[in-house]
Amino acid sequence: MAKHVGVKLPDDLAAVLKKGTVGVLSTFSEKGLPHTTPIQCVYPKGLESILISIHKDHTGYHNMVWQKKVMMCFMDEGNVAYSILGRAGVVRAPSLVHPLMNVVRIDIIDIKSDRSVLTRVDAGIKWSYTSLEAEELSKGLIGELQELAKIL
């Protein structure tokens, strides 16, 4: 059963976002069609916003720019299971790290805990880099998000 948490990132979710995790971004098109995509370049900006990097041509990005309201779901070790309702706004286009990536801030409207009384999340999504170049790009994008989190 979902439980309302508030509008500030809980400590366990903030810690998971800082160490690196994958979130699922949910948006809707102008025709009302749902769209989800995994996002691995995520970083908290204080306790009331998160920053993400997303490709400028991605359907999720275009939906986000058009509609503004988004939902993100995070599941990771330590029974982290949260959904965040937020309002998206572009803060840097293009990214300083890669010209095809843009940085978006999602201001939190509401957070709910999706922990189950029947099961617990023992591990999050397992992933690895596809190449050394992909690892360098991802680390550069996360570094950019960390710097922006300090100055925005």
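A salt bridge here is a side-chain nitrogen of Lys or Arg within 4 Å of a carboxyl oxygen of Asp or Glu. By that rule the structure holds ten of them. Keep in mind as you click around that this is a predicted model.

**Stop 1**

Select Glu-135 and Lys-139 to begin. They form a salt bridge, with the closest N and O atoms 2.7 Å apart. Both sit in helix H3, and because they are four residues apart, about one helical turn separates them. Glu-135 counts as partly exposed at 24% relative accessibility, and Lys-139 is partly exposed as well, at 48%.

Next, pick Arg-105 and Asp-107. Their closest N and O atoms are 2.9 Å apart, and the two form a salt bridge. Arg-105 has a relative accessible area of 25%, which makes it partly exposed; Asp-107, at 28%, is also partly exposed.

Now bring up Arg-120 and Asp-122, whose side chains meet in a salt bridge at 3.0 Å, N to O. Asp-122 is exposed, with 57% relative accessible area.

**Stop 1: along helix H3**

Colour residues 132–151 to see H3 as a whole. The helix has 20 residues and runs 29 Å from its first C-alpha to its last, close to the 28 Å expected at 1.5 Å a residue. Then show its buried residues: Ser-138, Leu-141, Glu-144, Leu-145, Leu-148 and Ala-149. Look down the axis of H3 and these buried residues fall within an arc of 140°, so they line one face of the helix.

**Stop 2: helix H1**

Jump to residues 11–19, which make up H1; its buried residues are Leu-13, Ala-14, Val-16 and Leu-17. Seen down the axis of H1, they fall within an arc of 160°, so they too line one face of the helix. On the other side of H1, look for exposed Asp-11, Lys-18 and Lys-19.

**Stop 3**

Val-91 comes from strand E7, residues 80–92, and is partly exposed at 30% relative accessible area.

**Stop 4: an aromatic pair**

How many aromatic pairs are there? The count comes to one. Show the rings of Trp-127 and Tyr-129: their centres are 5.2 Å apart and their planes stand at 85°, so the pair is edge-to-face. Trp-127 is partly exposed, with a relative accessible area of 38%, and Tyr-129 is partly exposed at 31%.

**Stop 6**

Most residues other than glycine have a negative phi, and most peptide bonds are trans. Here are some exceptions to zoom in on.

- The peptide bond from Ala-93 to Pro-94 is cis, with omega near 0°. Find Pro-94 in the loop between E7 and strand E8 (101–113).
- Lys-68 is not a glycine, yet has a positive phi, near 80°. Look for Lys-68 in the loop between helix H2 (59–67) and strand E6 (69–76), where it counts as partly exposed at 29% relative accessibility.
- Asn-79 has a positive phi too, near 60°. Asn-79 lies in the loop between E6 and E7.

Terms used:
Residues are numbered from 1 along each chain as its sequence is written. This is a predicted model: local features need pLDDT of at least 70, side-chain atom pairs count only at pLDDT 80 or more; totals for chains, interfaces and linings use all residues. Side-chain values use heavy atoms; hydrogens and water are left out. Helices (H or I, at least four residues) and strands (E, at least two) are DSSP runs, numbered from the N terminus. Buried means under 20% relative accessible area, exposed over 50%, partly exposed in between (1.4 Å probe, protein chains only). Rings of Phe, Tyr and Trp (its six-membered ring) pair if their centres lie within 6.5 Å; planes under 30 degrees apart count as stacked, over 60 as edge-to-face and the rest as tilted. The expected span of a helix is 1.5 Å times one less than its number of residues. The arc is that of the directions from the helix axis to the C-beta atoms.
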